[in-house]
Amino acid sequence: MPDCYIALGGNQGPVRETFSRALECLDQHPEISVIKTSDWIETAPVGDQTSDPFLNGAAQLSVSLSPESVLEELQLLETDMGRTREVRWGARPLDLDMLLYDQFVIHTENLVVPHPACWYRRFVLDPLAEIAADVIHPEKQITIQELRQRLLVKPFQFVLAGLPCEETASLIRKLQQLYPEVQFSSWETQGSAGSISQEPTLIAWLGAPTSATRFEDLPLIPRLDLSEYQKNTERIVHVLQSALDFR
């Protein structure tokens with residue numbers, strides 16, 4: 001039976017009890033078995049839609065359902081536990097995300113596996129590394145533990161790519177005010193990966209139409225497609241916040 005890894009999160013009501021009920025419901029499903037769970041960790045909320053801390057964790061499931069059917073079961077369970085989808089990053093009693101389904105890579109309208117943000121979000125990677133340290137990320141092709149360790153290297157290097165130089169410089173100034181401990185730079189200004197002292201922690205590709213830098217030309221492991229947030233500094237901040245220490 002395929003292994004499926006999920007993330008659990010929530011910050012409304014008795015979250016530990018909600019997690020327990022959710023896992024019991026999953027384990028009672030004839031085609032789902034709960035194999036292992038991480039410790040639950042308290043994390044700061046991302047964004048400003050809620051000020052209440054979250055509880056986060058991860059679980060390993062053994063399933064005989066298709067990925068699409070697992071997703072349907074997770075969403076039904078969220079709804080049964082009182083989840084509504086009105087505000088992104090908002091308060092919620094239960095959030096269940098499919099992170100990995102064996103070594104499948106899926107890109108459909110309703111499902112993306114691996115979860116597109118699981119490889120750089122600390123509140124996902126820390127609990128996932130407890131139960132899946134040696135599991136290979138099917139797109140990044142390194143282990144979950146290695147992905148987590150990359151985020152711990154100091155200084156944290158956040159490189160911007162795919163924007164005109166003036167826009168990049170302006171964005172870096174804004175980000176530096178918020179995160180002075182992070183080392184910001186421009187991919188285009190540096191010229192090539194060979195001129196960087198160490199592999200960047202993240203390379204955020206913002207994909208301006210006039211840019212000569214293509215996403216496919218960037219190093220595989222740190223590259224992150226943020227082209228849909230090209231004019232949205234707040235969302236770029238949220239991505240960076242989720243990759244930094246969350247305690």
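Predicted model: local features only at pLDDT ≥ 70, side-chain atom pairs only at ≥ 80, totals over all residues.
Local features need pLDDT of at least 70 and side-chain atom pairs pLDDT 80 or more, while totals for chains, interfaces and linings use all residues. Numbering starts from 1 along each chain as its sequence is written, and side-chain values use heavy atoms, with hydrogens and water left out.

**View 1. Tyr-101 meets Phe-104 edge-to-face.** Searching the whole structure turns up five aromatic pairs (Phe, Tyr or six-membered Trp rings with centres within 6.5 Å; planes under 30 degrees apart are stacked, over 60 edge-to-face, the rest tilted). In this one, the ring centres are 5.0 Å apart and the planes sit at 70°, so it's edge-to-face.

**View 2. Lys-140 sits over Trp-119.** Its charged end is 4.0 Å from the ring centre (the rule: NZ of Lys or CZ of Arg within 6 Å of the centre and within 35 degrees of the ring normal). Both Trp-119 and Tyr-120 are buried.

**View 3. Strand E4 is largely enclosed.** Strands are DSSP runs (E, at least two residues), numbered from the N terminus. Strand E1 (residues 3-10) runs antiparallel to E4, joined by eight bridges (strands pair if DSSP finds at least two). Tyr-5 has Gln-60 as its bridge partner in E4. Strand E2 (residues 32-37) also pairs with E4 in the antiparallel sense, over five bridges.

Key: Buried < 20%, exposed > 50% of the residue type's maximum accessible area, 1.4 Å probe, protein only. Helix = DSSP H or I, 4+ residues; strand = E, 2+ residues; numbered from the N terminus.
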